[in-house]
Amino acid sequence: MKEILIVGTIEDDVRQLEGELSDTYSFVEFEQIKEGFIHLLENTGRYSAILIDHPSKQNDDVVVVIDYLSENSLGEDAVPVLIFTDEEYAENDVTYLGGAVIDCIERPFILSVVKNRINRSFEWINSISFGGFARMLKALPANVYLKDRYGRYVFSAQTWHHLDTGDDPNWSIVGKTDLDIRKDKENAKKALDSDLKLIETGVGSNYIIQEGTEDDPEYLQIIKEPLFEKNGKTVKGIIALINNVTEQELMRQKLHKLAVTDNLTGLYNKVYAVNMANEFEGREYSLKEGASFAILYADMNHFKPVNDTYGHEVGDVILKKMGERLKELPDDYIVIRIGGDEFLIVLKNAGDRDEIIEKAKVVRDIFKEPVSYEELRFELSASIGISRFPDDGTDTRYLVRCADAAMYDVKRSENREDIRFFEPYMMEMMENVKQELD
């Protein structure tokens with residue numbers, strides 16, 4: 001049962017009202033304003049409302065109390081204040097309206113009216129408290145928002161620039177979905193799908209999206225959690241937080257790039273190769289869809305004598321220039337320097353054998369193009385072995401070994417500039433050669 005504090009001169013009609021409302025509320029009386037105020041401070045959060053009878057008939061303490069309650073009307077312990085008055089004092093008593101004082105009820109009392117206005121005061125203070133909370137949220141750099149069970153906005157602390165408001169000063173986000181308001185419709189569709197999945201499963205989500213352009217990206221972290229009905233099972237809405245994590249995400253990307261980039265050539269390195277292998281293993285490639293890729297293992301010819309004769313400085317210049325050329329290949333060539341003068345080239349959407357050979361010839365021609373350094377000119381080439389997914393296997397690490405074995409077969413042949421596909425016999429021959437070398 002809600003408790004109501006009554007302060008001031010308690011007249012007979014007020015006590016009669018207390019009796020008539022006793023089935024709904026319990027009342028505590030203090031005739032002295034100061035004593036009632038002290039009691040209120042000692043019982044913070046206890047009372048749902050305060051009734052002051054004829055404030056203009058009280059001493060100056062009533063002003064202190066009302067000022068205090070008004071100053072704290074936006075806090076979690078805010079209490080609505082109602083005034084009882086009559087025709088004689090109404091003109092003076094209504095001057096106290098404002099702040100925490102939200103209503104002035106004039107005699108003679110009508111039970112249903114008084115009860116209704118007391119109940120409305122509870123709703124009002126909840127609204128005021130939320131309004132104050134909303135204003136505090138708007139001061140934050142993050143955006144907090146609420147949605148209903150259909151993914152429609154109920155509240156949003158911020159209106160960010162990635163929304164399409166139509167430059168309408170009276171525009172409101174309430175009742176709209178992300179598809180209605182987001183400029184980026186692809187992200188909007190993802191957001192709405194995520195909302196509906198959360199509402200169906202009751203499981204929150206945490207993800208990062210990119211807004212803006214490639215040249216000027218903006219990264220937003222979206223954290224969503226479900227709001228449940230009292231039964232704890234049915235999702236009635238969503239509470240979510242948007243953080244601008246652009247600075248952190250750009251730094252993460254920069255560190256990741258440093259981690260997977262070969263310092264000398266600017267190509268991908270072994271770390272990238274391992275990550276890529278793990279990624280491929282985590283995917284389910286459908287053979288029915290004809291998914292395929294090829295791995296080229298390229299080892300430079302004549303590089304070691306150049307390095308031994310002219311030193312590592314010249315050797316590094318050659319590798320850098322090779323790296324610059326290889327970086328000019330189309331996007332469906334993923335080029336990785338795995339060490340020394342050895343490179344992996346992954347061909348996405350590789351096509352048939354003839355198509356793969358043509359793409360491998362492009363790589364071979366890059367290595368065959370002479371490299372000049374000061375007055376020196378170096379004629380180089382590369383031996384290239386090829387393995388294919390899924391023809392030669394489905395394990396990426398094994399496919400690298402297959403391409404390596406095919407490259408070894410080229411190295412052992414008379415034409416060390418050849419391009420060869422993997423054959424099973426090559427693996428055994430490569431292992432035998434390595435054992436002999438050991």
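**Cavities, pocket and local features of the predicted model**

The second largest cavity is lined by Leu-5, Val-7, Ile-33, Gly-36, Phe-37, Leu-40, Ile-50, Ile-52, Val-65 and Leu-69, a cavity being a set of points, on a 1 Å grid over the protein atoms alone, where a 1.4 Å probe fits but cannot get out, and a lining residue one with an atom within 4 Å of a point. The structure is a predicted model, in which local features need pLDDT of at least 70 and side-chain atom pairs count only at pLDDT 80 or more, while totals for chains, interfaces and linings use all residues. Residues are numbered from 1 along each chain as its sequence is written, and side-chain values use heavy atoms, with hydrogens and water left out.

The second largest cavity holds about 50 Å³ of space, a volume being the space filled by probe spheres set on grid points that are joined across faces, edges and corners. At least two residues of its lining come from each of strand S1 (2-7), helix H2 (33-42), S3 and H3, where helices (H or I, at least four residues) and strands (E, at least two) are DSSP runs numbered from the N terminus. H2 gives the most, with four residues. The lining comprises nine nonpolar residues, one polar and no charged; here Ala, Val, Leu, Ile, Met, Phe, Trp, Tyr, Cys and Pro count as nonpolar, Asp, Glu, Lys and Arg as charged, and the others, Gly among them, as polar.

In total, three cavities of 30 Å³ or more were found. The largest cavity has a volume of about 170 Å³ and is lined by 22 residues, of which Tyr-153, His-162, Asp-178, Arg-182 and Ile-242 lie nearest its centre. Among the elements that give two or more residues to this lining are helix H7 (185-201) and strand S9 (217-228), and by class the lining has 11 nonpolar, six polar and five charged residues.

The largest pocket, a pocket being an open set of points with protein on both sides within 12 Å along at least five of seven lines, contains about 370 Å³ of space. Of its 17 lining residues, Gly-266, Tyr-268, Lys-327, Ile-334 and Val-335 lie nearest the centre, and helix H8 (246-260) and strand S12 (333-339) are the elements that give two or more residues to the lining.

A search of the whole structure finds seven aromatic pairs, that is, rings of Phe, Tyr and Trp (its six-membered ring) with centres within 6.5 Å, counted as stacked if the planes are under 30 degrees apart, edge-to-face if over 60 and tilted otherwise. The rings of Phe-293 and Phe-389 are stacked, because their centres are 5.0 Å apart and their planes lie at 10 degrees. Phe-293 belongs to strand S11 (residues 293-301) and Phe-389 to strand S16 (residues 381-389), so the pair ties together parts that are 96 residues apart in sequence. Both Phe-293 and Phe-389 are buried, where buried means under 20% relative accessible area, exposed over 50% and partly exposed in between (1.4 Å probe, protein chains only).

Phe-389 is also joined to Pro-390 by a cis peptide bond, with omega about 5 degrees, and Pro-390 is found in the loop between S16 and helix H13 (396-411).

His-54 has a positive phi of about 50 degrees and is buried, with a relative accessible area of 1%. Asn-349 likewise has a positive phi of about 50 degrees, but Asn-349 is exposed, at 66%.
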